[in-house]
Amino acid sequence: MSATTRRTGSERREQIARAVLQIVGERGVSALSTTTLAAEIGVTSGALFRHFASRDEMLDAAVQHAVLRIEETFPDLSLPPLERLMQLARNRVSLLGSDQGLAWLLRSEQAYHVLPAGAVKQLRGLVNRSQRFFLDAMREGASRGSIRNDIEPEILVVLVTGTIHAVIGMPGAHARRRPAGGPDRILRGLEQVLVAPLQTRPEKRRTRTRKQVTNHS
C-alpha cells in the first residue's frame with residue numbers, strides 16, 4: 001500500500017506510531033518533529049493532527065504499539081525455567097536487533113525523560129514485567145537444579161538483561177544481514193553460564209572412573 005493510498009483512521013494512526021519509532025531509532029529523538037514525521041509517511045503536517053491532538057499523543061501511541069510488539073516475545077510459561085528464560089532472551093534479541101526504535105525504548109534512559117507520563121508508565125510496566133519473568137524463571141530453575149543457585153537470582157537477572165542489551169547494541173545488530181552465528185553464539189555462552197554447575201559434575205566423575213578402569217585393565 002503506497003503512502004497516498006487512502007487508509008482508515010486506525011491504519012493511519014498505526015502508521016504514524018511506527019514512523020515515530022523509526023525516526024527516533026534511526027535519527028534520534030531530537031529529529032522527531034511534525035515536519036519530519038509528515039515527510040516520513042508522505043502527508044502534510046496538518047494531516048497528522050486529524051488523527052492525534054498533539055505530539056505527546058503520537059508518542060503515547062508509538063509506545064503502546066511498541067509494548068504490544070514486545071509483549072509478543074514472552075514465551076509460554078509451561079516451558080522449563082531455563083528454556084523459558086533463554087527463549088525470551090532469543091526473542092528479544094531477534095525483535096529488538098531488527099528494530100532500532102524498539103531497542104531505543106528499552107535501552108535508553110533518555111526515553112524516560114522525553115516521553116509523556118502515560119508512555120513512561122507503559123514502558124516501566126513492560127520493564128517490570130520482564131524483570132519479574134526473568135526472576136521467577138531464575139528462582140524456579142534454581143530450586144529445580146537446572147539453573148545455578150550459587151549466585152543470587154537478582155544478580156543473574158542483571159547478567160541476562162545486560163547481555164541482551166549488549167547484543168542488541170553490537171555493531172551491525174540492526175543491519176538487514178547480520179553476521180551469522182554472532183548473537184546465537186553469545187546467547188549459547190550465556191546459557192552455559194546459567195546452567196547449574198552440579199549438573200555436569202556427576203557425569204565428569206563417571207567419565208574419569210571409566211577411564212581409570214580402562215587404564216588399570
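Glu 71 is partly exposed at 32% relative accessibility (partly exposed lies between buried, under 20% relative accessible area, and exposed, over 50%; 1.4 Å probe, protein chains only). The model is predicted, and side-chain atom pairs count only at pLDDT 80 or more, local features needing at least 70, while totals for chains, interfaces and linings use all residues. Residues are numbered from 1 along each chain as its sequence is written, and side-chain values use heavy atoms, without hydrogens or water.

Glu 71 forms a salt bridge with Arg 129, at 3.9 Å from N to O (a side-chain nitrogen of Lys or Arg within 4 Å of a carboxyl oxygen of Asp or Glu). This pair links distant parts of the chain, 58 residues apart: Glu 71 sits in helix 4 and Arg 129 in helix 8 (residues 117-144) (helices are DSSP runs of H or I, at least four residues, numbered from the N terminus). Arg 129 is partly exposed too, at 35%.

Nine salt bridges are counted. Asp 99 pairs with Arg 69, the closest N and O atoms being 2.9 Å apart. Asp 99 lies in the loop between helix 5 (81-96) and helix 6, and Arg 69 in helix 4, 30 residues away. Asp 99 is buried at 16%, whereas Arg 69 is partly exposed at 28%.

Within helix 8, Arg 144 and Glu 140 are four residues apart, about one helical turn. Their side chains meet in a salt bridge of 2.7 Å, N to O. Arg 144 is exposed at 58%; Glu 140 is partly exposed at 25%. Salt bridges with shared partners join Arg 84, Glu 140 and Arg 144 into one network.

Terms used
Helix = DSSP H or I, 4+ residues; strand = E, 2+ residues; numbered from the N terminus.
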